[in-house]
Amino acid sequence: MGDSAADSRSITILVASETGNSLEVGEDLQAAVASVCGRVRLIEAFDYDLDDLEHEDILLMVTSTQGEGEPPYGAEDLYDAVMLAKRTFSLQGVAFAVLGLGDSAYAENYNLMARQFDARYEQLGARRLFPHGECDFDYEEAASHWIAEIMPVLRRELADGEVMEQRVDQEQSTPAPAAGIATPKTAGSDAEPHAAKRSAANAGAPNTATLIERVLLTTPESDKEVYRIRLDLGEGSEYHPGDLLSIRYINGDDTVRRFLDDVFGEGGGEAHGKLFATLKHTRDITRLTPALIGRYAERYGNTELLRLVDDEAWLERYLAGRRPSALFRDYPPEGVGLTDDSVLSVFTSQNRRMYSISNAQCDSGTLVDLTLTKVEYDGWYDAAHDCGSDGMQEAAHGAHHVGECSRYMTTAAIGSRIEFALLSNERFRLPKDASRPIVMIALGSAIAPYRAFLQERSQNRKSYGKNWLMVGNRSPDEDFLYGQELEAYASSGLLSKFDTAWSRYGDIHEHVQDVMLRRGLELWHWIEAGACVYLCGHGRSAIDSIQQALVQVIGEHAGFTEEQAEEYVKSLKSSSRLQY
């Protein structure tokens, strides 16, 4: 080191990590940076003094994204201060770079924290040293690549302080393993799922489970098919109630062929055999996301699309019902050849889906149950006629949409080998104090983790607190998922309270939020008594709706204003008494 300029500089590595993955990467970054700078500190977000932010020299941030696009546990104060402008900062003079850890299976929130912090630091006046990186589920190689690429930038910065902001090489045919550089968009983009971390027993080479049973939970009359899928993971796999299973699925031949025909023209599926095989086994080609649109626009140099991807209204309309292949027709590649490699550089998301584990291991040994809804519906296909200057295409005729993972899991032969990874979900756990009561609120098949909770609590009932389940679905005659089990738990007393809400049954159409409001006083008494509350639904809007009902209950029965009730709910969340 010896260089006087370098000796006068300092680097802070700020880590926002919940499961330890980001901390591990931060430590690798620290080891690399220590070779070029003598003043390096690594600090986790929950220990970081916010007064230091304006006085940083070089700030390197490594962050994961949790749940529905949220900061890691312990990084909430940093997020609130920086992103929500709860404090005023001027970062003039600070140089920065951000690396994100995520999982592309969580499309809407993939690496959202990295995207948001990267954009916000620049808005506050900081100078970006290097484009932010996005690591997928298998993060080790991608993180190492990003660290290797930023090191020469840091050396030059430390030597003479030059502005070294790098640009994405648009001519690169295959993206770096560190995943594509993000679009400027900071909201609604493609999370490390909740607090999802691979268990040590399942790191490294892919694991394979055996599909041993598939049971239809809905009745034949229901227009929705929900299955209990049972897998045998084999010896050495350990999991806990609340954990997740990542399934590696295979795209159907018809889906891949249709995609290639849309991209390259009729017969594209036959003409691009190697690409066909790669897409079939390794890529998610069915979900159109803001991140994918951004990558497409950057890869093919479409400035109009780069502008539109930041237009929330346009984005909402364009994403509705369209397949990713629509981009190739609506916004044809400009100035860059349409090649197999260029297509692969756009479709970086892996063919994986996450499911909550629906059973407790204490009951099942090496077996795992998943609660899986088969996704299949008729939607709108984007027709080839323009309806305005913004390039929007009119939806003109229907198309059949299939969820590739649910099709794979509901049609694979019993005995098939299924690739999987276990994900530890520390943010959705039974309370450490087993005597605490719990309130479980679920919509539809999101009841899955609560089945595991109840199985766990049934093992030693005397040591556990009371249990209250509220579940909403459409009809008890068609989709009362695990109904006999739940009613048996209610009869035995394991469920102290059991409420159902049916949205399409009889004269009273109810949702679980209605039950919460109707039973509000009792719900407030449980919360006052120390209960932990769990919310489980599909999508952010469902969770927001349930949480708003909770705010209303607390406001009404605790005598709080709406603002006070919202602060109370925030305190429940920060103390892990509210989990979702």
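**Close-up views of a predicted model**

View 1. Val-533 stands opposite Leu-578, a residue of S20. The model shown here is predicted. Strand S19 covers residues 532–536. Two bridges join S19 to S20. These two strands run parallel.

**View 2. Strand S19 also pairs with strand S16.** S16 spans residues 438–443. Five bridges link S16 and S19, and the pairing is parallel.

**View 3. Strand S19 is largely enclosed.** How many residues of S19 are buried? Five of the five are, so the rest of the structure largely encloses this strand. A residue counts as buried when its relative accessible area is under 20%. Cys-532, Tyr-534 and Cys-536 point one way. Val-533 and Leu-535 point the other way. Both groups are buried.

**View 4. Five strands make an open sheet.** The order is S18-S17-S16-S19-S20, with parallel pairing. Which strands stand at the edges? They are S18 (497–502) and S20 (578–579). Each has a single partner strand, so one side of each is left without a neighbour in the sheet. For S20, strand S19 is joined by two bridges.

**View 5. Strands S10 and S11 pair in the antiparallel sense.** S10 holds residues 244–248. S11 holds residues 352–356. Five bridges connect the two strands, and the pairing is antiparallel. Arg-248 stands opposite Arg-352, which belongs to S11. Is S11 largely enclosed or left open? Four of its five residues are buried, so the rest of the structure largely encloses S11.

**View 6. Negative charge gathers in a surface patch.** Glu-562, Glu-563, Glu-566 and Glu-567 form this patch on the surface. One of them, Glu-567, lies in helix H21. That helix runs over residues 562–574. Is Glu-567 buried or partly exposed? Its relative accessibility is 45%, so Glu-567 counts as partly exposed. The partly exposed class lies between under 20% for buried and over 50% for exposed.

Technical notes. Residues are numbered from 1 along each chain as its sequence is written. This is a predicted model: local features need pLDDT of at least 70, side-chain atom pairs count only at pLDDT 80 or more; totals for chains, interfaces and linings use all residues. Side-chain values use heavy atoms; hydrogens and water are left out. Patches are made of residues with over 30% relative accessible area and no salt bridge: like charges are joined within 9 Å, nonpolar side chains (Val, Leu, Ile, Met, Phe, Trp, Tyr) within 5 Å. Accessible areas come from the Shrake-Rupley method with a 1.4 Å probe; for residues, only the protein chains shown count as cover. A salt bridge is a side-chain nitrogen of Lys or Arg within 4 Å of a carboxyl oxygen of Asp or Glu. Lys and Arg count as positive and Asp and Glu as negative; His and the chain ends are not counted. The place of a charge is taken as NZ of Lys, CZ of Arg, CG of Asp or CD of Glu. Buried means under 20% relative accessible area, exposed over 50%, partly exposed in between (1.4 Å probe, protein chains only). Two strands pair if DSSP finds at least two bridges between them.
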